[in-house]
Amino acid sequence: MLISSQDTVIVQGITGRQGSFWTRRMTEYGTRVIAGTSPGRGGQEVDGIPVYDSVGEAVREHAVDVSVLFVPPLAAKAAALDAVESGVRKVVFLTEHVPCHDVIEVLAEARDAGTQVLGPNTAGIVVPGQATAGIMPASASNVFRPGSIGVVSRSGSLGTLVALNLVGAGLGQSAFLGIGGDPILGTTTLDAIQTLDADPRTDAIVLVGEIGGTMEEEAAPYISGMRKPVVAFVAGRSAPAGRRMGHAGAIVARGRGDGESKVQALTAAGATVVDLPSEIPAALGAGGR
Amino acid sequence: MQLLEYQGKRLLSEAGVTVPDGSIAASPAEAAAIAARLGGRVVVKSQVPAGKRGKAGGVQFADTPSQAREITGLLLGSVVSRYTVTELLVERAAPVAQELYAAVLNDPVSKGPLVLFSSEGGADIEETSARSPDAIARVAVDIRTGFERGQAELMLAHTRLSETVRREVAATLQRLYRLYRQVDADLVEVNPLAVTTDGQVLALDSKISLDPGALARHPELRGAFGPAASADETPLERSARELGMQFIELDGDIGVLANGAGLTMTTLDAIHHYGGRPANFMEIGGDAYTKATSALRLVLANPNVRSLLVNFCGAFARTDVMTAGVVQAWEELKPDVPAFFSIHGTGEQEASALIRDRLGVEPYDLMDDAVRAAIRAANPRTAGTGMAR
């Protein structure tokens, strides 16, 4: 999913310490935060933004395009379902440590309702010069500036480093999509790449992967059919092999998931795989594939 | 969070899955007493949180109580798959006619629960799966409706199990699914799920992994199971685990402090790339960014550290808060090693000013330059591989 300066945003958990801190940053960046929620605090205001008890109540007064969740882990399922059931089409699910079964239930309801979910445990979206929904340093001019490179990253901190390297080389971003660090995610690497492939303002894509899971491998067949260049970095290739317990994970992964499997799949798909984030700009300059 | 076999079997038994009769022993005398009570042939199983225990010699059969005593004496204190054996499960040996495989897990691809079943279970299930994927039936479940009887029966339709066994296995699959839901498991795996010569269906092993994010709503499970200590865990790693941080000592000389798993792995990748050797993996991601002081204490407590690399990229984690923690630890410990900083993102200006003012050090613009400088400082005699600033 992407976000524009036209989109209206509701912040769930707006009265909390993190919720209010990041709401101010999003608003200062130009994001249209038009409402917030906090159970029991309906009728109050945060920086002039009206607070409601639920998204269900807020949508009676406002048209809401995007919800951003700053809700504690055990309350996150109810909050996300509130947004989905209220007809919000895009949910940015920032919360970390949400029980996996809760995430699964939210994603099932969202799929049926046609709601897109980014996350959980994501750093959010930045569309430089337009809007941001999440916890990325969008207003840092050495990290983000408008351009034509789309970035997909599981991690917020590593995503920040990659964005910094692009700007340092004189490039800018069309969008940054943080997809999240959890095992089960609403938006996968493949989903995010498809979004950027369809985005007319994106000319090339930087994929920031990590060892573990098989999302990079699942995206490879689509990448092989793309016209836009893809440059990829896979973090953790020098890490010692992990230890595990059951067989089920290995049966489902079928030998995929480690750094070499990802590099192989991405290279075979025509992506340029670099060894370090600092090599990304040069790889993009060389045409990317 | 992975449970030991006997902890998992307790949950399986409560969920209505039949497990062999047995008890836990912490001494040879206890093992002998359990074997005497059970009578006949028993199996003595090391309780360590690792797979392939049988292949590592941690599971042995005993025909008499005195044999059980002897085997327990040998296994206690031995190291099986990196863990020291302190407890053994002594169980009545089952007359196995057929070994099946059953599991329920969170599946990232279908984004929901996935039930796995195979009539070719046992220690070689992964090889079986790789050779003939069709030998394993898979059913993606809608978590809102659950795993229904009809789905369980359909999974077993092509097996050659007898009608009565098939009915019992179908019921067992449903019990495993209900347990998976009830305890918020990431994984419930039984391999082998045995059919005995008298037609009983029995869970001979158990691998259960609980979702740490869900433990807060399971007071009945909290406390009973903590993260396991491995045999080769260092004292520093133990302190870190007790502080709730993930710290792994490596054999290099560059201490590393970074935030977030992705950035930390990348920092280690960069050190390797430029020819250096990291002394540790230490993640202070998410809410742990406020723990920078104790994190740095751990990193610097390693006597092999000859230079320190601090790499922060703030998104949610504020670099000014993390850097204040680092400065505090630095002033308290007054370490005798040089430090190299690369700091960007949320809070960058405040963080950089702190380092300049309090430590008199200028942060690097590029991570790569900070990495190369840290490598040079750790290996003064082999200097010259990196670029000068």
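Ala216(B) is partly exposed, with a relative accessible area of 49%; buried denotes under 20% relative accessible area, exposed over 50%, and partly exposed the range in between (1.4 Å probe, protein chains only). In chain B, Ala216(B) sits in the loop between β12 (207-210) and α7 (235-242), where helices (H or I, at least four residues) and strands (E, at least two) are DSSP runs numbered from the N terminus. When residues up to four places away in sequence are not counted, Ala216(B) touches Leu74(A) and Arg222(B), a contact being heavy atoms within 4.5 Å. The model is predicted, so local features need pLDDT of at least 70 and side-chain atom pairs count only at pLDDT 80 or more, whereas totals for chains, interfaces and linings use all residues. Residues are numbered from 1 along each chain as its sequence is written, chains are lettered from A and ligands numbered from 1 in the order in which they are written, and side-chain values use heavy atoms, with hydrogens and water left out.

The interface of chain A and chain B buries about 5,100 Å², of which 61% is on carbon and sulfur atoms; buried area is the accessible area (1.4 Å probe) that two parts lose on being put together, summed over both. Chain A contributes 64 residues to the contact and chain B 66 residues. Four salt bridges are counted between chain A and chain B, each a side-chain nitrogen of Lys or Arg within 4 Å of a carboxyl oxygen of Asp or Glu. One salt bridge joins the side chains of Asp191(A) and Lys111(B) (3.8 Å, N to O). On the side of chain A that touches chain B, two or more residues each come from α1, α4 (100-113), α5 (156-168), β13 (230-235) and α8 (248-253). The most, ten residues, come from α4(A).

Helix α4 of chain A holds His101(A), which counts as buried at 0% relative accessibility. Leaving out residues up to four places away in sequence, His101(A) touches Asn106(B), Ile143(B), Tyr180(B), Arg181(B), Asp184(B) and Ala185(B).

Helix α1 of chain A (residues 17-29) has 13 residues and reaches 19 Å from its first C-alpha to its last, close to the 18 Å expected at 1.5 Å a residue; the expected span is 1.5 Å times one less than the number of residues. Buried residues in α1(A) include Gln18(A), Gly19(A), Trp22(A) and Tyr29(A). Just after α1(A), Gly30(A) adopts a positive phi of about 115°.
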